[in-house]
Amino acid sequence: MKPLAELLRPQSLSQYIGQQHLIGEGAILRNAIENNALHSMILWGPPGVGKTTLALLIAQLTNSQFYMLSAISSGVKDIREIIDKAKASEEKTILFIDEIHRFSKSQQDSLLGAVEQGVVTLIGATTENPSFEVISPLLSRCQVYVFVLKSLEVEDLNRILNYAKSYLEENINTTIEIEETEALFRISGGDARKLLNAIELVVQFVKPQAGKLVITNDMVMKCIQKNLAIYDKKGENHYDIISAFIKSMRGSDPNAAVYWLARMIAAGEDPLFIARRMMILASEDIGNANPNALLLANSCFQAVHQIGMPEARIILSQTAIYLASSPKSNASYLAIDEALEWVRKAGDLPVPLHIRNAPTQLMKDLNYAKDYKYAHSFENNFIVQEFLPESISGKKFYEPQNNARENEMRNYLKKCWEKYRY
């Protein structure tokens, strides 16, 4: 029997849940589908938000042949076979490539001619930023449009859950009462497929009482933990393991970090995905407590890209151990988020006149750049002057944390700036 997530795939746009900015009434992608005016596209978004379902719907609604490849297990030979079939057919052909970010440059190159000539309409699905992983000829010359799919909202998850509940009640002839939803939603992480897997598992393994199955948070957690291998039979644990890896490095445990790294490598995880996550951690969780962390993480990404597996596992291990063993600071992360919040609240505050650019005489006449003090003309290359808008003068966004490197920075800033009270 097919999994519940497969059985409940929508058969029309009205049944499709979420992504109304793309497929709601009057939305750009809906108009393209209804007018049969599709271009090749990349669907970019987190797992379980409907990328594959949307591709299937598009093929169905445009009466197109549909071929599906996974970038993990397919190569240039598979692509060429489909292109040959498309050339021999009078029907439109949609080629859906799941995890297209895992295709190599040569594999993506093999798509160019067929996409550019309209032999196939390419729909690629990716959880990674296409500007990093999809070659520029596909994104530009071949008119490939990137549509960003958003995480599902609680309202969307409730609709999916109620739809699943009705379907299951009809098929098992039992009343289902969902008393609590928090555990189901937390386990799903906003992933519709994981949500459906979870409720299917609960219904399968929990016995009804007096003809009724009452679902609670405690019941869901016990059932999932007991049957994790079944729940995760398609590798849904991928995001849980990368989370454990990141949290182990953040928590300064190199042994746990290497263990979770080994789990990902053994499962065939994309090494560039791992390296990219370490680059983010190097800035978010280490920052100026050890500025070399970001340099090493960036070098790791480049080296992994050039060398490939299996040797890249050693580079990943070295970097993970280094990051886990480094002093930690999230001060830069907190600083930019607070600054962005102030920008949101205060709007576009005017730049002080003395630090504005003055390339024309008119600007100089208006006192642009007047009284600006060039720091290098003063002792120790510093002079006190105002750099913030007047209304937020003295507002401190960066607060150095208690580690050797940032304590040095604090001492320097304290000597420079009385108003920030470092």
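**Exercise 1.** Determine which residue forms a salt bridge with Glu386, and where the two partners lie.

*Solution.* Step 1: Glu386 is joined to Lys419 by a salt bridge, with 2.9 Å between the closest N and O atoms. The term requires a side-chain nitrogen of Lys or Arg within 4 Å of a carboxyl oxygen of Asp or Glu. Step 2: Glu386 belongs to the loop between α21 and α22, whereas Lys419 belongs to the segment after α22, so the pair ties together parts that are 33 residues apart in sequence. Helices are DSSP runs (H or I, at least four residues), numbered from the N terminus. Step 3: Glu386 is partly exposed at 21% relative accessibility, and Lys419 is partly exposed at 31%. The classes are buried (under 20% relative accessible area), exposed (over 50%) and partly exposed (in between), with a 1.4 Å probe and protein chains only.

The structure is a predicted model, in which local features need pLDDT of at least 70 and side-chain atom pairs count only at pLDDT 80 or more, while totals for chains, interfaces and linings use all residues. Residues are numbered from 1 along each chain as its sequence is written, and side-chain values use heavy atoms, without hydrogens and water.

**Exercise 2.** State how many salt bridges a search of the whole structure finds, and name one network.

*Solution.* Step 1: the search finds 20 salt bridges. Step 2: a network of salt bridges links Glu25, Arg30 and Glu34.

**Exercise 3.** Decide whether Ile160 is buried or exposed, and identify its contacts.

*Solution.* Step 1: Ile160 is part of helix α10 (residues 154–172). Step 2: its relative accessibility is 11%, so Ile160 counts as buried. Step 3: apart from neighbours within four places in sequence, Ile160 is in contact (heavy atoms within 4.5 Å) with Ile17, Leu152, Ala192, Leu195 and Leu196. Step 4: between Ile160 and Leu195 there are 35 residues of sequence separation and 8.4 Å in space, C-alpha to C-alpha.

Key
Helices (H or I, at least four residues) and strands (E, at least two) are DSSP runs, numbered from the N terminus.
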